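Here are my notes for someone opening this structure for the first time. Please keep the view open while you read.

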Amino acid sequence: MKRKSRQSKWDRKHLLGLRDLSAEEITYILDTAVGFEQVSTRSVKKAPPLRGKVVVNLFFEDSTRTRNSFALAANRLSADIIEFTKKSSSVSKGETLLDTARNLEAMGIDIVVVRHGAGGAPRFLSRNIKACVVNAGDGYCEHPTQGLLDLYTIRKIRGSLKGLKIAIVGDVAHSRVARSDMWGMTKLGAEVTFVGPPTLMPGKVDGLPVKVSSCLDDIIDKVDVINMLRIQFERLGGNPFPSIREYSHYFGLTVDRMKRAKPDILVMHPGPINRGLEIESEVADGPNSVILDQVTNGLAVRMAVLFLVNQAAAEKTEH
Amino acid sequence: MLFDELPTMKSGILIANGHVIDPANGIDKKCDVSIVDGIIAEVRENIKPARPEASNCRVIDAAGKLVTPGFIDLHVHFREPGDEEEETIASGSAAAVAAGFTSVVCMPNTNPVIENETDVEYIHRKARQARKTHVYTMGAITKGLEGVELAEMGFMAQAGAVGFTDDGRGVQDPAVMLRALKYAGMLDVVVAQHCQDERIAGGGVMNSGYHSTILGLPGIDPLAEEAMFWRDIQLIKKASVRYHAQHISTAGSVELMRTAKKDGLPITCEVAPHHLLLTEELCAEYDTNFKVNPPLRTQKDVDALKQAIADGVVDALATDHAPHLQSEKELEFLAAPFGIASLECALGLYVKALVEPGILDWPGLVSLMTTRPAKVIGIDKGTLGVGKQADVAIIDPKARYKIDPTRFRSKSRNCPYQGWTVEGRVEKTIVDGEMRFEA
């Protein structure tokens, strides 16, 4: 009853993926992030809502950008932050994921930001611990805050995603970013096409809310936004394309290709960039690129997420 | 010998008034079964009970019950030697006999692998000590299941191994498999295969398709199974040996099986209960109790398997009972081991999957759990024929109950059927004429 009177449009204490969320919930996070964006422009870049709360960055995979972004977001909300990085997976070295999380919980943490190599690991954690769980990337399942910051960046420039044509190019099969983008963008009304060689596409799959193409040249002149995925050499199994040279030839975002694109196309990339491979430097640094805006917006989005899950958890304990 | 003429020295059991189903002898009627000294003595109507003073002659009133040959499971993992915390031959045997299974076949992927006659004898010794059910074992096709060098199939066959398999994996190299098939041909034992091409399967952990895509989990394409099964069918034509495809799971494998049978090849196959009752979307919550290999497939595959069973294309139902500790299953879906423990609820599951929807009648079901699997491995069991070792199950076909893994005799609880209500309960199990289980 109390919760209703507060009129909160957000009552989830975990953010596991954008697949779970309604368009309204996604919009609510983005709207909340708008307020937090301003915090970063003030001379005192700090707000108090998470004061006295403990956030742990539990990272089982390498990350610089996302981990630092979450740490900074937590700092700006006045939370205490613990860094816990562990490169080995639970099977190879002693302690299981569950035991690790339970140990952290015993120290009295409030929010776990988790990155893990196994799809579903954050969902598994959320079922087994009391703290809030925020997914910072799980296997090739989802990377919801990346998806949110992509949505935020597009919405900020274009006002809305409704009716936009968006291409996501590259190694979709192994990309959690592609999946979170797919759910978020389509829920907000955009039309998404996955582009890449069939060896890097998710196979002949019915039911996904996207189109699939293996020809970038066919669609480069039709899209409003193009998101170039990083070639993740560490995830590629076998030899999905014959050479980097050939990959760049078909799927690289080159200056030449950009000449055929709409003049106001937004060029995005989740980073880190392989310059000259999936994207030429001149394009990455060019006038259509919003790659650094993405990073900036990521901070506001992550502040919003930490704020909202914490608030939902607080409301739940009041009942 | 007539039951009522028994000398008092002899022990006996008379199962009276039950409905006997013995597919091997075409019996499906109300009659009595008498057992003397561990052997089926008579199966007919109105066998006179033994003299009341003969206390070692027991009369069981089986009115309203089914009396069938004891069940045979061609595919169980009892984890001994090596993983006794998950299961032992003693705990697995107790589970088996409580579920009506009087013969089970252990898979050789233990630690160490069952790959010589000493290993085979070890299984048999443990089974004798447990004194619950008949425990057979298959031996490894290749040493260490590595798919490179042939294991000592001859010595293992002499020690009583009833077949060979590298179960858990398939033999990847076609040249090695061809060699194994040719060599096993001289031993008159079946070669069984877990069909899965590991290069196609990659590091998959569930069926590949829409669900694996949105869950972000690597998938196992049905082709991984079908490609190896197709390959093996070609190899068999070059050898003289019986071949058994273990736990087939896809509509494509069913088609291959149909063609192979039509062509008269010596090929048999088995189907596991989870591939008849569960589908891939159950993995959606990353519940690792649904992680099994071959993976849960689609409804289309389930329907094809059921049709194959209805058409007689499938030779055996086999649980692939694969016990794991809760702590092992309580992991990320990617990291948890494959396997479902289902031995103790097998009958109820089969009834639900096959009898309730009218795919099989009771004699049809009993046949796939007794005489037909016996033929696959070539053992003289699975019948109530006079003179045979008395392995008998007495079943209450109407008993409904809730599956409760916490009450399993098995050491493991990795059972996705928890809370399901099923029909058909084993009341008594007789092995070698001894009452080994009573509910």
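1. A residue counts as buried if 20 or more other C-beta atoms lie within 10 Å of its own. By that rule, buried residues make up 47% of the 319 residues in chain A. Keep in mind that this is a predicted model.

2. Next, the overall build of chain A. Its secondary structure comes to 12 helices and 9 strands. The C-alpha trace spans about 55 × 45 × 40 Å along its principal axes. A compact globule with 319 residues would have a radius of gyration near 20 Å, and chain A agrees, because its own value is 20 Å.

3. How far apart in sequence are the contacting residues of chain A? Take the contacts between residues at least 6 apart in sequence. Of these, 76% join residues at least 24 apart.

4. Now two helix pairs in chain A. Packed helices in general are described by the angle between their axes and the distance between the axes. Start with helix α2 (residues 23-39) and helix α12 (residues 291-318) of chain A, which pack at an angle of about 115 degrees. Their axes are 8 Å apart. The two helices, α2(A) and α12(A), are therefore roughly perpendicular to each other. Their crossing is right-handed.

5. Which residues bring α2(A) and α12(A) together? From α2(A) come A:Ile29, A:Thr32, A:Ala33, A:Phe36 and A:Glu37. They meet A:Ala300, A:Val301, A:Met303, A:Ala304, A:Val305, A:Phe307 and A:Leu308 in α12(A). By class, the residues of this contact divide into 10 nonpolar, 1 polar and 1 charged.

6. The second pair is helix α4 (residues 97-106) and helix α5 (residues 121-128) of chain A. Their axes come within 10 Å and cross at roughly 50 degrees. That makes α4(A) oblique to α5(A). The crossing of α4(A) past α5(A) is right-handed. A:Leu97, A:Leu98 and A:Ala101 of α4(A) make the contact with A:Ala121, A:Leu125 and A:Asn128 of α5(A). The residues of this contact are 5 nonpolar, 1 polar and no charged.

7. Turn to where the chains touch. The contact takes 28 residues from chain A and 16 residues from chain B. On the side of chain B that touches chain A there are 9 nonpolar, 5 polar and 2 charged residues.

8. Within chain B, look at helix α12 (residues 346-355). Why is this helix described as largely enclosed by the rest of the structure? Because 8 of its 10 residues are buried. They are B:Ala346, B:Leu347, B:Gly348, B:Leu349, B:Tyr350, B:Lys352, B:Ala353 and B:Leu354.

9. Last, one loop residue. B:His194 is found between β10 (190-193) and α5 (198-201) of chain B. Is B:His194 buried or exposed? B:His194 is buried, because 23 other C-beta atoms lie within 10 Å. Not counting residues up to four places away in sequence, B:His194 touches B:Thr165, B:Asp166, B:Asp167, B:Gly168, B:Arg169, B:Gly170 and B:Gln246. B:Ile89 is 105 residues from B:His194 in sequence and 22 Å from it in space, C-alpha to C-alpha.

Terms used
Residues numbered from 1 in each chain as written. Chains lettered and ligands numbered in written order. Predicted model: local features only at pLDDT ≥ 70, side-chain atom pairs only at ≥ 80, totals over all residues. Contact = placed C-beta atoms within 7 Å. Nonpolar A, V, L, I, M, F, W, Y, C, P; charged D, E, K, R; others polar. Buried ≥ 20, exposed ≤ 12 C-beta atoms within 10 Å, placed from the backbone. Helix = DSSP H or I, 4+ residues; strand = E, 2+ residues; numbered from the N terminus. Axes fitted to C-alpha atoms, helices over the stretch in contact; angles between N-to-C directions. Parallel < 35°, antiparallel > 145°, perpendicular 65-115°, else oblique. Left-handed = near helix turned anticlockwise from the far one by under 90°. Rg over C-alpha atoms; globule rule 2.2 N^0.38 Å.
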